[in-house]
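Please look over the sequence and the model shown here before reading the briefing, which covers helix packing, individual residues and backbone angles.

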Amino acid sequence: MQVTETPARIEVALGERAYPVLIGPGVRHRLPAEVARIGARRVVVVSARPPEWTPDPGVPHRVVPARDGEHDKTLATVEQLCRAFAEFGLTRTDAVVSCGGGTTTDVVGLAAGLYHRGIAVIHLPTSLLAQVDASVGGKTAVNLPEGKNLVGVYWQPRAVLCDTEHLTTLPERERRNGYGEIARAHFIGAGDLRGRPVAEQIAACVALKARVVAADERDSGLRHILNYGHTLGHALEVATGFRLRHGEAVGVGTVFAGRLAGVLGRIGPERVAEHHEVVAGYGLDPELPSDVDHDDLVALMRRDKKATAGLSFVLDGPAGPELVADVPPEAVRTALG
């Protein structure tokens, strides 16, 4: 099927490195045009999806199978991909295409950013979580046993094609997983997206992220707000052996961020309750799993990449969300319950 309607187009305004994010049914079929636009002569397609999900890129190419999931989000996987690029003879004037969920866009983006010190990458995110967040913004990373996303680079894609037809194949749990990122966007400027069509929800989240990334590409200030709910979320993923998926954990982390802001006197009870209401309203479980050890969570949160001064969290407050450093451990434990 070809594109039958004009897709939403959002520009990530980074000067000479600006790129489009296209959102709508059938936009994957624009891949050959995007490959031609950037001038790539050869392409490696790294896909965690069936072959028919990725159109022919229009140039000589090789398809490398991948698997979505945190357990393959490792430096070993990055090495395997870079070796596949070398075996196919990719040069720095060629390109890589990712097709899959957020872990696939992360790993492929990192491999592209490292191979030949950086070659072009185009993302075809196929999960709701990847479309609303992971594929946009240029953050790429893999995990270490000590924590999540501890090794990575900033490497912006050349285009992102968010085909909403891909979302019709998602299992219900995977769809809810994406709503964890949409729920946290409620508290950082996207507004109330509950009940709106999914394409509008994606576009609103991408537009918010594009504005933030254009203003602060490398996390020197404003971009910290995109990590709302993520400090506890990442710790929960590791502590549960990734039994909790990323969006599910971010949903719990968002509720916790509201509680912690309340404990610190930054917001009132109604705003604290709103965090629970919004996350639950997207069909997510807002409660901390009963089988996780709070000491383990605090230790993991201390290793968070934002924690340059004690325990650090992005929290709501009178001036909106901001990074709060050196949060007292006793306040954290109170908010954990």
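**Helix packing and selected residues**

The crossing of H5 and H6 is left-handed, a crossing being left-handed if the near helix is turned anticlockwise from the far one by less than a right angle, and right-handed if clockwise. This is a predicted model, in which local features need pLDDT of at least 70 and side-chain atom pairs count only at pLDDT 80 or more, while totals for chains, interfaces and linings use all residues. Residues are numbered from 1 along each chain as its sequence is written, and side-chain values use heavy atoms, with hydrogens and water left out. Helices (H or I, at least four residues) and strands (E, at least two) are DSSP runs, numbered from the N terminus.

**H5 and H6**

- The axes of helix H5 (residues 172-185) and helix H6 (residues 198-215) come within 10 Å and cross at roughly 50°, where axes are lines fitted to C-alpha atoms, for helices over the stretch in contact, and angles run from 0 to 180 degrees between N-to-C directions.
- That angle makes H5 oblique to H6, given that angles under 35 degrees count as roughly parallel, over 145 as roughly antiparallel, 65 to 115 as roughly perpendicular and the rest as oblique.
- On the H5 side the contact (heavy atoms within 4.5 Å) is made by Arg-175, Tyr-179, Ile-182 and Ala-185, and on the H6 side by Val-198, Gln-201, Cys-205 and Leu-208.
- Sorted by class, the contact of H5 with H6 has six nonpolar, one polar and one charged residues, where Ala, Val, Leu, Ile, Met, Phe, Trp, Tyr, Cys and Pro count as nonpolar, Asp, Glu, Lys and Arg as charged, and the others, Gly among them, as polar.

- Helix H8 (residues 246-263) has 18 residues and reaches 25 Å from its first C-alpha to its last, close to the 26 Å expected at 1.5 Å a residue, the expected span being 1.5 Å times one less than the number of residues.
- H8 is mostly covered, with 15 of its 18 residues buried (buried means under 20% relative accessible area, exposed over 50%, partly exposed in between, with a 1.4 Å probe and protein chains only).
- H8 packs with helix H11 (residues 329-336) at an angle of about 130°, with their axes 9 Å apart, and the two helices are therefore oblique to each other.
- H8 passes H11 in a right-handed crossing, and the contact is made by Phe-256, Arg-259, Leu-260 and Val-263 of H8 together with Ala-331, Val-332, Thr-334, Ala-335 and Leu-336 of H11.

**Two buried side chains**

- Val-46 lies in strand E3 (residues 43-47) and is buried, with a relative accessible area of 1%.
- Leaving aside its neighbours within four places in sequence, Val-46 is in contact with residues including Val-64, Leu-81, Phe-85 and Val-108.
- Cys-82 is found in helix H2 (residues 75-88), counts as buried at 16% relative accessibility, and, with neighbours within four places in sequence left aside, is in contact with Ala-111 and Tyr-115.

**Positive phi angles**

- Most residues other than glycine have a negative phi.
- Arg-117, although not a glycine, has a positive phi of about 60°; Arg-117 sits in the loop between helix H3 (102-114) and strand E6 (120-125) and is exposed, with a relative accessible area of 74%.
- Asn-149 is not a glycine either, yet has a positive phi of about 60°; Asn-149 is found in strand E8 (residues 147-154) and counts as buried at 15% relative accessibility.
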